[in-house]
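Thanks, everyone. Please have the sequence and the model open while I talk.

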Amino acid sequence: MQINSLHQTIEELSLNAWPSLRTVIYDGWLLRFADGYTKRSNCVMPLYESYGQAMDKILHCEKLYAERGLDTIFKITPFARPSQLDSLLEERGYRIVEPVYVKTAALGDLPEPADYACRIDEQLSEHWLDEFTQMMPLSDKQRETAVKLLSGSPLRQCFVTLYADGVPAACGIGVIEHGYIGLYDIVTSERFRNRGLGYQLLLHIFHWGKRNGADNAYLLVVQENGPANRLYDKFGFETQYEYWYRVKSLKQDE
């Protein structure tokens, strides 16, 4: 499957919106490193045409990640190159982890959010990070890495918290580029789930996005996350393509 312009756009938008700490460009592959925090920031992304010997490249990637104490992870899209990459990784013992839907929706007419208190910061703040850390939760090391990843972006960002009963109930991030707003780290506190607060959170993010020039939205959602997929269906999100991770842990080589 050849990458089309929309697919490439979404891949590039998501790379920019959720960066890594370091990136190595290697014959059409992007090798991303972020101290192990999130797969998308610590994986090999075969984004462009590749010309080298695939197995030699795989071995080189394994060496670089192992030297940093990290599992080797490949992000496999339907348009990853070379086309036999997924089967080569399977033969080397890589397992499939977390198949993901990539979805988009037009931001048409949106209802006004219900009367819940909402805070929107346009830069990462300790206030938002404290609330998000409690909901996820994050370790101290993960929090430190998240700060590095999310601070100082040249893109327009919003960090949103919705409150219910006077306490933080849901958090999320919106990132705008080229008329698209991407959704990241959407989470509802366990105490407040199944009350429609995720829907209200997204309304605030989308209204903010429209005020700042976004006409469309995109997101990446784990296929097995039924509640999240049902929530996004309410906004008319449609699947554009799928991807999955192939993972080989360091323990497999011991």
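F79 is buried, at a relative accessible area of 3%. Buried means under 20% relative accessible area, exposed means over 50%, and partly exposed is in between, with a 1.4 Å probe and protein chains only.

A word on the source. This is a predicted model, where local features need pLDDT of at least 70, side-chain atom pairs count only at pLDDT 80 or more, and totals for chains, interfaces and linings use all residues. Residues are numbered from 1 along each chain as its sequence is written, and side-chain values use heavy atoms, leaving out hydrogens and water.

Y241 counts as buried, because its relative accessibility is 4%.

Next, E11. E11 sits in helix α1, residues 5–17. Helices are DSSP runs of H or I, at least four residues; strands are runs of E, at least two; both are numbered from the N terminus. Is E11 buried or exposed? E11 is buried, at 2% relative accessibility. The side chain of E11 makes a polar contact of 3.0 Å with that of K75. A polar contact is a pair of N or O atoms within 3.5 Å; within protein, one must be able to donate a hydrogen and the other to accept it, and residues adjacent in sequence count only if both atoms are side-chain atoms. Beyond neighbours within four places in sequence, E11 has contacts including F79 and Y241. Contact means heavy atoms within 4.5 Å.

On to the rings. The structure has 16 aromatic pairs. Rings of Phe, Tyr and Trp (its six-membered ring) pair if their centres lie within 6.5 Å; planes under 30 degrees apart are stacked, over 60 edge-to-face, the rest tilted. Take W29 and F74: centres 5.6 Å apart, planes at 90°, so the pair is edge-to-face. W29 is in strand β2 and F74 in strand β4, so this pair ties together parts 45 residues apart in sequence. Both W29 and F74 are buried. F79 and Y241 have ring centres 5.2 Å apart and planes at 70°, so they too are edge-to-face. F79 is in the loop between β4 and α3, Y241 in strand β11, so their pair ties together parts 162 residues apart in sequence.

Last, helix α2. In α2, the buried residues include K57, I58 and L64. Down the axis of α2, the buried residues fall within an arc of 165° (taken from the directions from the helix axis to the C-beta atoms), so they line one face.
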